[in-house]
Structures are given as structure tokens and as C-alpha cells.
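Thanks for coming. I have one structure to show today, and I will keep to what can be read from its atoms. Please have a look at it first.

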Amino acid sequence: QERLDPFNGLLLTPNLDKLVDRLLIAFNDDGSILLSKELSAEEWAILGVSGRSKLRFVRPAMLPYLQRHRELFRAQG
């Protein structure tokens, strides 16, 4: 059921999509980005990712999925 839910997914650039899959980034409910401490500031810059990056919009139906991903992200370290 979740797999088919259109709110269980984000349209991201390929580099961001891969970072989400590897639990290196996550997003707060307001769309602001969370960066893993596994990568250095230089590595983030090379990837073109900034701590100021933000999703353009977050719909209420997306919040449970963002929360679950944040839980996995935080558990990763």
C-alpha cells in the first residue's frame, strides 16, 4: 500500500535521490535538509549540497513518510 502511495516519494535530482537512499540526507517537516556527519563539508560541496537546501513544498500527506525516513536516518548515526 505504501509503495503505491503518491506521497511516499520525492522528485529529486539523481545525486540527492542516491543520498536519500543511502540515508545520508533526510528532511524535516518544513522541508529543510538534514545532512549526515559521515561526509565532510568539502564532500558536501563537491556533491552540490548545502545545509540551506530545502524541499520546495511539503504536503501534509508526506509527513509520516518524512518522519519514518528521519528515524532511519538518525538511527544510522
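First, the ground rules. This is a predicted model, in which local features need pLDDT of at least 70, side-chain atom pairs count only at pLDDT 80 or more, and totals for chains, interfaces and linings use all residues. Residues are numbered from 1 along each chain as its sequence is written, and side-chain values use heavy atoms, with hydrogens and water left out.

Helices (H or I, at least four residues) and strands (E, at least two) are DSSP runs, numbered from the N terminus. Buried stands for under 20% relative accessible area, exposed for over 50%, and partly exposed for what is in between, with a 1.4 Å probe and protein chains only.

Start with H1. Which residues of H1 are buried? They are Leu-16, Leu-19 and Val-20. These residues sit on the same side of H1, because they cover an arc of only 100° around the axis. That arc is taken from the directions from the helix axis to the C-beta atoms. On the other side of H1, Pro-14 and Asp-21 are exposed. The cover over the buried residues of H1 includes E1, helix H2 (41–47) and H3.

Just after H1 comes Leu-23, with a positive phi of about 60°. That is a positive value in a residue other than glycine. Leu-23 is in the loop between H1 and E1, and it counts as buried because its relative accessibility is 17%.

Now the core. In soluble globular proteins, nonpolar side chains tend to be buried together. A nonpolar core here is a set of buried Ala, Val, Leu, Ile, Met, Phe, Trp, Tyr and Cys residues joined through side-chain atoms within 4.5 Å. The largest nonpolar core has 11 residues: Leu-16, Leu-19, Val-20, Leu-24, Ile-25, Phe-27, Ile-33, Trp-44, Val-49, Leu-55 and Leu-66. H1 and E1 are the elements that give two or more residues to this core. The largest share, 3 residues, comes from H1.

Phe-27 is in strand E1. Is Phe-27 buried or exposed? Phe-27 is buried, as its relative accessible area is 5%. In contacts, meaning heavy atoms within 4.5 Å, and not counting residues up to four places away in sequence, Phe-27 touches Leu-10, Val-20, Ser-32, Ile-33, Leu-55, Leu-66 and Arg-70. Phe-27 and Lys-54 are 27 residues apart in sequence, and their C-alpha atoms are 7.9 Å apart in space. The other one is Val-49, which touches Asn-15, Leu-16, Leu-19, Ile-33, Leu-35 and Trp-44, again leaving out residues up to four places away in sequence.

Next, some loop residues. Between strand E2 (33–35) and H2 there is a loop that holds Lys-37. Lys-37 is exposed, with a relative accessible area of 77%. Leu-39 lies in the loop between E2 and H2 as well. Neighbours within four places in sequence aside, Leu-39 is in contact with Leu-19, Leu-24, Trp-44 and Leu-47. From Leu-39 to Gly-9, 30 residues apart along the chain, the C-alpha atoms are separated by 24 Å. Pro-60, in the loop between H2 and H3, counts as exposed at 69% relative accessibility.

Last, the pockets. On a 1 Å grid over the protein atoms alone, a pocket is an open set of points where a 1.4 Å probe fits, with protein on both sides within 12 Å along at least five of seven lines, and lining residues have an atom within 4 Å of a point. A volume is the space filled by probe spheres set on the points, and grid points are joined across faces, edges and corners.

How many residues line the largest pocket? There are 20, and Leu-11, Leu-12, Lys-54, Leu-55 and Arg-56 lie nearest its centre. The volume of the largest pocket is about 480 Å³. The second largest pocket has about 360 Å³ and is lined by 17 residues, of which Asn-8, Gly-9, Val-20, Tyr-65 and His-69 lie nearest its centre. H1 (14–21), E1 (25–27) and H3 (63–76) each supply at least two residues of the lining of this second pocket, and the largest share, 4 residues, comes from H3.

That is all I have.
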